[in-house]
Amino acid sequence: MKMTCVQVPYVPWPRFDRRVLLLLLDDHQRLLVCGSCCHGWTVPQVRLDSGADFSGQAAQFLKERFEIDRPRFAALYGVHESPRNKTWELDRHTESQAFIVRISSQRSALVRDAGARHSLWGLEELRRRRRDISPEGVVLMITGFVEGWLPDGPLPLS
């Protein structure tokens, strides 16, 4: 009888990836974007511990990183969870929530100036450069929120 060895792919820790995406929107309807390490643009992200509360961890991060106390979360937020039977695509099960946070224009200028690769983009810039921003769908969510055609409450991010 011939025995075959099945190679099980290595899945790096953590096997369950949880994160918060923060869509910081100022009084002039500009979104804060960050230049990422992969030569693209993204929004601030927080990786969560397994038992952490999404909004609580987001508020703590905003206070520590950007000195934003008592953030004003919009009623609309995005949720995404990879189906357990599809984890082979991503090497791990993922769960994320995207929160829109209203900040003043004064605060947004301070946040933008906090790092060399931070920028504020209005709707036209976001539309023009939507393919440069990850994760996919952020521009559509912000556009729908600002223009008022997305309903309040949870919005699935596929």
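Colleague: Which exposed residues does the face of H3 turned away from its buried side carry?

Modeller: Gln106 and Asp113. This is a predicted model, and exposed here means over 50% relative accessible area.

Colleague: Which residues of helix H3 are buried?

Modeller: In H3, residues 105-113, they are Ser105, Ser108 and Val111.

Colleague: How do you know that the buried residues of H3 line one face of the helix?

Modeller: Look down the axis of H3. The buried residues fall within an arc of 115°, so they line one face. In general, an α-helix has 3.6 residues a turn, so residues three or four places apart point the same way.

Colleague: What makes Arg18 and Glu95 a salt bridge?

Modeller: Their closest N and O atoms are 3.6 Å apart. The cut-off is 4 Å, so the pair counts. The bridge links distant parts of the chain: Arg18 sits in strand E1 and Glu95 in strand E6, 77 residues apart.

Colleague: Are Arg18 and Glu95 buried or exposed?

Modeller: Both Arg18 and Glu95 are buried.

Colleague: How many salt bridges does the structure hold?

Modeller: It holds 8. One of them joins Asp69 and Lys63, at 3.5 Å from N to O.

Colleague: Why is Asp69 called partly exposed?

Modeller: Its relative accessible area is 44%. Buried needs under 20% and exposed over 50%, so 44% for Asp69 falls in between.

Colleague: What makes Arg127 and Glu147 a salt bridge?

Modeller: The distance from N to O is 2.2 Å. That is within 4 Å, so the pair qualifies. Arg127 lies in helix H4 and Glu147 in helix H5, so the bridge ties together parts 20 residues apart in sequence.

Colleague: Why do Arg127 and Glu147 count as partly exposed?

Modeller: Arg127 has 30% relative accessibility, and Glu147 has 41%. Both values lie between 20% and 50%, so both residues are partly exposed.

Colleague: Which residues do salt bridges with shared partners join into one network?

Modeller: Glu125, Arg128, Arg129 and Asp132.

Colleague: What lines the largest pocket?

Modeller: The pocket has a volume of about 330 Å³. It is lined by 15 residues, and the closest to its centre are Leu21, His80, Ser96, Pro135 and Glu136. E1, E6 and H5 each give two or more residues to the lining. By class, the lining has 5 nonpolar, 6 polar and 4 charged residues.

Colleague: Which helix gives the most to the lining of the second largest pocket?

Modeller: Helix H1, residues 54-66, with 3 residues. About 160 Å³ of space lies in this pocket. Its lining includes Cys34, Phe61 and His118.

Methods:
Residues are numbered from 1 along each chain as its sequence is written. This is a predicted model: local features need pLDDT of at least 70, side-chain atom pairs count only at pLDDT 80 or more; totals for chains, interfaces and linings use all residues. Side-chain values use heavy atoms; hydrogens and water are left out. Buried means under 20% relative accessible area, exposed over 50%, partly exposed in between (1.4 Å probe, protein chains only). Helices (H or I, at least four residues) and strands (E, at least two) are DSSP runs, numbered from the N terminus. The arc is that of the directions from the helix axis to the C-beta atoms. A salt bridge is a side-chain nitrogen of Lys or Arg within 4 Å of a carboxyl oxygen of Asp or Glu. On a 1 Å grid over the protein atoms alone, a cavity is a set of points where a 1.4 Å probe fits but cannot get out, and a pocket is an open set with protein on both sides within 12 Å along at least five of seven lines; lining residues have an atom within 4 Å of a point. Grid points are joined across faces, edges and corners, and a volume is the space filled by probe spheres set on the points. Ala, Val, Leu, Ile, Met, Phe, Trp, Tyr, Cys and Pro count as nonpolar, Asp, Glu, Lys and Arg as charged, and the others, Gly among them, as polar.
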